[in-house]
Amino acid sequence: MLWVNLVMDTLASLALATEPPTEPLLERKPYGRTKSIISGIMLRNIIGQAIYQLTIMFVLLWSGDYFLRRGVSTVGRIGNDPSLGKKPSEQFTVVFNSFVLMTLFNEINCRKLHGERNVFSGLLRNPFFYCIWIGCFVAQ
């Protein structure tokens with residue numbers, strides 16, 4: 001969890017903060033003082049991504065041993081983890097890696113705020129973004 005909190009969130013924030021504005025964004029009228037910071041489209045994207053990630057995580061957590069055809073493996077493990085109540089497994093590694101990779105790909109989705117469909121447009125205009133993204137992907 002330290003990897004997600006310190007590295008992934010910090011670098012993702014830095015990558016998204018350095019995203020250059022697009023011409024249509026600069027031509028938009030300013031929002032009013034009473035408008036919400038989170039628009040309807042942003043709320044839809046946040047809820048949709050949360051449902052998607054939770055669904056994948058719960059399926060991997062509860063049925064992952066069926067998909068992986070392994071179950072709990074104790075090869076090369078020493079001792080029990082008292083917080084889990086059972087021996088650790090590769091299944092938890094798959095769950096964690098899936099979470100990190102879904103978060104990484106969500107960074108690409110977060111580049112567009114106003115319902116634009118092509119999230120890859122202008123991706124190579126920001127070397128900060130793609131270098132940080134590739135670095136996190138390789139490190140993971």
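Contact, as used below, means heavy atoms within 4.5 Å. This is a predicted model, in which local features need pLDDT of at least 70, side-chain atom pairs count only at pLDDT 80 or more, and totals for chains, interfaces and linings use all residues. Residues are numbered from 1 along each chain as its sequence is written, and side-chain values use heavy atoms, with hydrogens and water left out.

Q: Which residues does methionine 8 touch, not counting residues up to four places away in sequence?
A: Methionine 8 belongs to the largest nonpolar core, which has 12 residues; such a core is a set of buried Ala, Val, Leu, Ile, Met, Phe, Trp, Tyr and Cys residues joined through side-chain atoms within 4.5 Å. Buried means under 20% relative accessible area, exposed over 50% and partly exposed in between, with a 1.4 Å probe and protein chains only. Not counting residues up to four places away in sequence, methionine 8 touches Trp3, Val100, Thr103, Leu104, Glu107 and Cys136.

Q: How many helices and strands does the protein chain have?
A: Helices (H or I, at least four residues) and strands (E, at least two) are DSSP runs, numbered from the N terminus. The elements run α-α-α-α-α from the N terminus on, and the secondary structure comes to 5 helices and 0 strands.

Q: Which element supplies the largest share of the largest nonpolar core?
A: The largest nonpolar core includes Val4, Val100, Leu104, Phe129 and Trp133 among its members. At least two of its residues come from each of α1, α4 and α5. The largest share, 4 residues, comes from α5.

Q: What covers the buried residues of α4?
A: Helix α4 spans residues 90-109 and reaches 29 Å from its first C-alpha to its last, close to the 28 Å expected at 1.5 Å a residue, where the expected span is 1.5 Å times one less than the number of residues. Its buried residues include Gln91, Val95, Ser98, Met102 and Ile108. The cover over the buried residues of α4 includes α1 (2-17), α3 (40-68) and α5 (127-139).

Q: Why does glutamine 53 count as buried?
A: Glutamine 53 lies in helix α3. Leaving aside neighbours within four places in sequence, it is in contact with Phe99, Met102, Thr103 and Asn106. Glutamine 53 counts as buried because its relative accessibility is 14%.

Q: Which element gives the most to the lining of the largest pocket?
A: On a 1 Å grid over the protein atoms alone, a pocket is an open set of points where a 1.4 Å probe fits, with protein on both sides within 12 Å along at least five of seven lines, and lining residues have an atom within 4 Å of a point. The largest pocket is lined by 17 residues, of which Asn45, Asn106, Asn109, Cys110 and Lys112 lie nearest its centre. The elements that give two or more residues to this lining are α3 and α4. The most, 8 residues, comes from α3.

Q: Which residues are the closest to the centre of the second largest pocket?
A: The second largest pocket holds about 280 Å³ of space, a volume being the space filled by probe spheres set on grid points that are joined across faces, edges and corners. Of the 15 residues that line this pocket, the closest to its centre are Thr22, Leu25, Arg111, Lys112 and Glu116.
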